[in-house]
Amino acid sequence: MVRGITAYQAYVPVHRLGREDIASFLGRPVQAGSRPVAGHDEDSSTLAVEALRGLPVAGSSGPLWFASTSPAYLEKSNSSLIHAAVGMDPSRPAYDMVGSLRSGVGALRAALDSGGIAVMADIRMGLPESSDESMGADAAASIAFGSDDVIAEVLGVESITLELLDRWRFPESATVEAWDERYAPEVILPLWQEVMSRLGAATGIAQPDHVAISCANARLAATVAGRLGVGMSPTLRQFGFAGAAHVGVALADVLDRAQPGETILVLGLNDGVDAVMLRATDLVTQRRAPRSVADLLAGGKRVGYGDVLTWRGMLTRQPPRRPDPQAPASPPSYRERAYKLRLAGARCTSCGWVMLPVQRVCLQCGAKDQHETVEFASTPGTIATLTADRLTYSLAPPMLMAVIDFDGGGRQLLEVTDADEREVHIGTRVEPTFRRVATSEGIHNYFWKVRPLRSDRGE
Amino acid sequence: MASNGIKDRVAIVAMGCTPFREHWNLSVDDMLVDAVTECLDSAGVDKNAVDAYWLGTQGSGMAGVTLSRPLQTHFKPVTRVENYCATGSESFRNAAYAVASGAYDIVVAAGVEKLKDSRYSGLAAAWPPSAGTRLDSTAPANFSMLAPAYAQRYGLDDDLLREVLTHIAWKNHQNGARNPLAQFRKAVERDTISCAAPIAGPLGVFDCSGVADGAAALMMVRAEDAHRFCANPLYVKALAFVSGNGSGLVDPNYDFTTFPEVVASAEEAYRQAGVVDPGSEISMAEVHDCFTPTELVLMEDLGFSSRGQAWQDVLEGRFDLSGALPVNPDGGLKSFGHPIGASGLRMLFECWLQLRGEAGDRQIPNARLGLTHNLGGQPGECVSFVSIVGNEPG
């Protein structure tokens, strides 16, 4: 019998697009603040990996549920890639719930009902000058459910499903269509009141201490928050809307701050109303996520509007006269999946030599087929030498590459991301991060890169 | 033991080399016909008298047909070889062993590359299907990683390192300016070199070898037959080749200030040739200056400078044409250009000219022993070839 949330974690990419940069380029009035944007080598799957890695999942026996309105692939499961990259046991199922905004809350409900884990990630963009563009946010969050060591127990769940043409887009289109923004609130508010009254009757709670609202319609979200008498989180004031990931990020922000005994209302207001009432337990203060949402949103690296348009595929720029990257082939990707998806190497059981990736013949002692797996996905390392390649094809040139010596042994030549060349040098400490290296020949190529350790970035 | 040397058992008796250029009007076939014909004509030998051919090309053709078809040889063995940028030397090495074995009496080793039919800037290799985990980095980027490592280890600041690299590029362009066959035949000012826009790390365009088309060929016989073809042949003293195991990219003990493969192949070559003090016994060296930091490191790996001292020797002009040990007197890869399959043979062509007194205004006085060094791959994962040739047996 699943009792509630056992663990949570959020991820926000490091890049920031200033809203004034959009405005000045387009010649429009300036809006305040900046929004997080995924890097050129990030997509909803890699954002999900960042939100999920390191999350304690032993207490959640159910499936992994992945929600996004911007899945990297259709037809093929994206959650199986995420599952593999965080090293989940193959006996744990992984299912995509992709396409609609409501799938974010849907993943939460499914994880709650099954004692599993919900991971939500989204890349949000719109046509230049749209509010989807300026008020979107790229982010991800993971929430695990179970029955032991619960940090927030579920008190009640209510839901109303509504067929309403309010926001929609075709799969091939990058642009969301929307009806008048005053329309949905008219329709949904009465349904929300119905849900609140049912929930109130079931739980005895009419006024929660915290609320995490997922709603594409800012006007409706503000109205509901106002009627609940709960102010919007200061952290999320400038954040924008993170699509299917928003409910997870908002909930993570609440769990960063909630005190034992406080009540939390999770609300989804897309395509109906979904409500989950929780109460934080005594464990909530001991199991805060390593980085709070506020911490993730603080700082960041400014990126220009032209680069963001390029990264999102909306601006095609002159590439260098270099061949397109070669797409990965499936059979070698399958054979080398431990290295490709987990940055796994090995230790020779004969002499102790650490190798990345594994080789059948040990470099140091020559022993054949005598090794045990070592995973490097969470291992920090140090830059031994490096360079900036200005000639190779990249969406964010120059490509920074470095020879990384990992703590405890093992070396490999890897790309450095989330850094510009002035920030990295011999001796810089780095950590692995899972990224989409390139997309070519109709195939996404995923692998590990490194980024400077946060302490080295002076954050 | 590494290998049984064949010192003084094989002689080079003829050579040919096309200009290295962007040959928009010449094909692989054209360049092979030109180079091999020049080679055979210089010894007055008909192609039908040649018993076997070796053809080095990295990516400009497959199989021996690439040479037998344009040359219209009749039922001769033609072996196509490839070993990254050491391909030209590989052609030479295998042909030399074949004639030393007695299996053939007259062999020709040729090398060719047609890089300028490609639309791409710089080298672009076609790799087999893979898991996509290998970095898609360019050659300049791979070799540029030597620079910060060398500077860090020996305490050079950015400006001093830049000065050293500039001297190497400047020297090779000075030499190329005296060479009608070279791709770039104008001297280049040091300021122009130092201030060039960066391509990879600290390297600018003048730190990188030229991308060119070209072909070269040589003919060999056993030493006792040499006099029938040539009054002043070159004797092969040493052939050494090492294929690295890629350890540098995965072994934290490698510090990117050296090529262990070069050190090993050089030691083997000196052992075969009986050279004890390369710095004083080698008259000239053609080395693989794909990029300026490569040449810097090679001076130490080949034993021409002590560890950590090459930068000083470079600045003092030790390796200039007028210096104690001229390196790349023909302009090197830097200004002669680097058609991959031909480069190793082009290096021997300069030895051919210099050791026989035919190098004109590049002539090094009293040249006796020449060394060629040919490298392929990238720091940490490479192959290295070293040969030593001389104008006298013994």
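So, how many helices and strands does chain B have? Chain B has 13 helices and 11 strands. Keep in mind that what we're looking at is a predicted model.

Let's stay with chain B for a minute. Along the principal axes, the C-alpha atoms fill a box of roughly 60 × 45 × 45 Å. Of those 394 residues, 63% count as buried. And if you take contacts between residues at least 6 apart in sequence, 78% of them join residues at least 24 apart.

Okay, charges. Chain B carries 30 positive and 46 negative ones, and their mean positions sit 4 Å apart. Over all chains, the structure holds 54 salt bridges.

Here's one in chain B: Arg346(B) and Glu286(B) meet through their side chains, 2.7 Å from N to O. Arg346(B) is in helix H13 and Glu286(B) is in strand S9, so this pair ties together parts that are 60 residues apart in sequence. Arg346(B) has 0% relative accessibility, so it counts as buried, and Glu286(B) is buried at 0% too.

Now look at Arg307(B) and Glu300(B), a salt bridge with its closest N and O atoms 3.3 Å apart. Here Arg307(B) is partly exposed at 37%, while Glu300(B) is buried at 5%.

Over in chain A, Lys449(A) and Asp41(A) form a salt bridge at 2.8 Å, N to O. Lys449(A) is in strand S22 and Asp41(A) is in a loop between strand S3 and helix H2, 408 residues apart. Both are buried, and both belong to a salt-bridge network that also includes Glu42(A), Glu415(A), Asp418(A) and Arg435(A).

Note on methods:
Residues are numbered from 1 along each chain as its sequence is written. Chains are lettered from A and ligands numbered from 1 in the order in which they are written. This is a predicted model: local features need pLDDT of at least 70, side-chain atom pairs count only at pLDDT 80 or more; totals for chains, interfaces and linings use all residues. Side-chain values use heavy atoms; hydrogens and water are left out. Helices (H or I, at least four residues) and strands (E, at least two) are DSSP runs, numbered from the N terminus. Buried means under 20% relative accessible area, exposed over 50%, partly exposed in between (1.4 Å probe, protein chains only). Contact means heavy atoms within 4.5 Å. Lys and Arg count as positive and Asp and Glu as negative; His and the chain ends are not counted. The place of a charge is taken as NZ of Lys, CZ of Arg, CG of Asp or CD of Glu. A salt bridge is a side-chain nitrogen of Lys or Arg within 4 Å of a carboxyl oxygen of Asp or Glu.
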